Amino acid sequence: MAIGSLARRKVTTILSSRYLYSTSKYSFSLSRNYSSGSDENDVVVIGGGPGGYVAAIKAAQLGLKTTCIEKRGTLGGTCLNVGCIPSKALLHSSHMYHEAQHSFANHGVKFSSVEVDLPAMMGQKDKAVANLTRGIEGLFKKNKVNYVKGYGKFLSPSEISVDTVEGGNTVVKGKNIIIATGSDVKSLPGLTIDEKRIVSSTGALALTEVPKKLVVIGAGYIGLEMGSVWGRLGSEVTVVEFGPDIVPSMDGEVRKQFQRSLEKQKMKFLLKTKVVSVETVGDGVKLTLEPAAGGDQTTLEADVVLVSAGRIPFTSGLGLDKIGVETDKAGRILVNERFATNVPGVHAIGDVIPGPMLAHKAEEDGVACVEFIAGKEGHVDYDLVPGVVYTHPEVASVGKTEEQVKALGVEYRVGKFPFLANSRAKAIDDAEGIVKVLAEKETDKILGVHIMSPNAGELIHEAVLALHYGASSEDIARTCHAHPTMSEALKEAAMATYDKPIHI
């Protein structure tokens, strides 16, 4: 049996120290009272997104009197209201339409015509969002979390002034304040987002008609997902990217296959290309482009331009400078391994601190932060936060890419298995993709797993758990997987890593 085992160690890794303050420089009591008067709350959370509302619920579950302040008036933050959830609703709906057009006949399902009812599609999306936001309010009531709707800003390290959505003002006091205000769309110099012709992801989720030509600026997760939605519904999609690659954080080999897959879906890519200007002309938009390395300019016309150049921490108007909270050059709040800032009693989590800007990472931050406040131990391992691109096929990964392993100078082995050899994938006629496993040569310990397939975002979690417990590729290979399932491809890739696969 290989060195790996299913229960090798208890995970106690804390946030990577390269992002944080040293505790030797800043030390403070978790229970100290900093308010000028009597504190009404043990914990006050500013922001009701995935990090904030999860932190608030967890704090209440641990017996801490908790208030959550949310400016939007609906809980769930960007993710639930104008991000993760509505985009997945449209990705699913548009995929169903695409399947009806291109795949149903192969399965013996035929009809004379199929058409897009965009208002109905948007209605389904909005219903899902509304139900989920109400669900979080229900969880607040169940766990006795006080909910204040309004924009909060610091009066002191223990007092938050809230301009309520009803037009009034109230002051919320707390022994511990958690900043969980998330992130905002990153714009480009000289470009004005009007959410009609030049849109952010928010506007791309609410278009009233399918644009004939859509240009996406930025080849990251969000741009490719929204480009996929509108491409399936009939748009001619062109993605403009300044860098040489799409999704630069992705494993290089998987990235190449992924790009080929998107190109087969008629998505066009202009890589190493700089956007010089974007201007609205009549009912359309004209972009001026030039090679990233310099050269002759060209123009590109579109009906809609989606600006998807990344996100930035949202901290404006919080009064951080008033209480002296330190940030880095990118505007991220600096915290120590307990998510505490340099100001006693003030903490920060999620997109406003260094680390991946992902909803599930923010949730883990929130739980760990509150556990520390309650005198317990928390942990988040940023190296084991899974990433998923929710296109079709999806791409999911955890751990190191092959490029990162090479850079570390570690001797390693690679195991791969194509879904073309997976019986479930062949049975459902959806077999595009691959599983790739990287393991240390000497110990067989898994270093990274990368999956491109339908529902890769669901398949990746077996690998996440394996990495958390220091498992070997042989551990996965010797674990019985139900047949026929897509997850058998991961088992076969693990077999290919330490020995040989069976089905190829």
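Start with everything selected: 51% of the 504 residues in the protein chain are buried, meaning under 20% relative accessible area with a 1.4 Å probe and protein chains only, while exposed is over 50% and partly exposed lies in between. Keep in mind that this is a predicted model, where local features need pLDDT of at least 70, side-chain atom pairs count only at pLDDT 80 or more, and totals for chains, interfaces and linings use all residues. Numbering runs from 1 along each chain as its sequence is written, and side-chain values use heavy atoms, with hydrogens and water left out.

Next, colour by pLDDT, the predictor's confidence in each residue from 0 to 100. The protein chain averages 93, and 92% of the residues score at least 70. Now select residues 1–38: pLDDT is below 50 there, yet the stretch has 86 contacts in the model beyond near neighbours in sequence (contact: heavy atoms within 4.5 Å).

Switch to the C-alpha trace, which spans about 70 × 70 × 50 Å along its principal axes.

Now zoom in on F104, V109, F111 and V114. Together they form a nonpolar surface patch with about 300 Å² of accessible area, by the Shrake-Rupley method.

Terms used. Patch = residues over 30% accessible without salt bridge, like charges linked within 9 Å, V, L, I, M, F, W, Y side chains within 5 Å. Areas by Shrake-Rupley, 256 points an atom, 1.4 Å probe, with all protein chains shown as cover. Salt bridge = Lys/Arg side-chain N within 4 Å of Asp/Glu carboxyl O.
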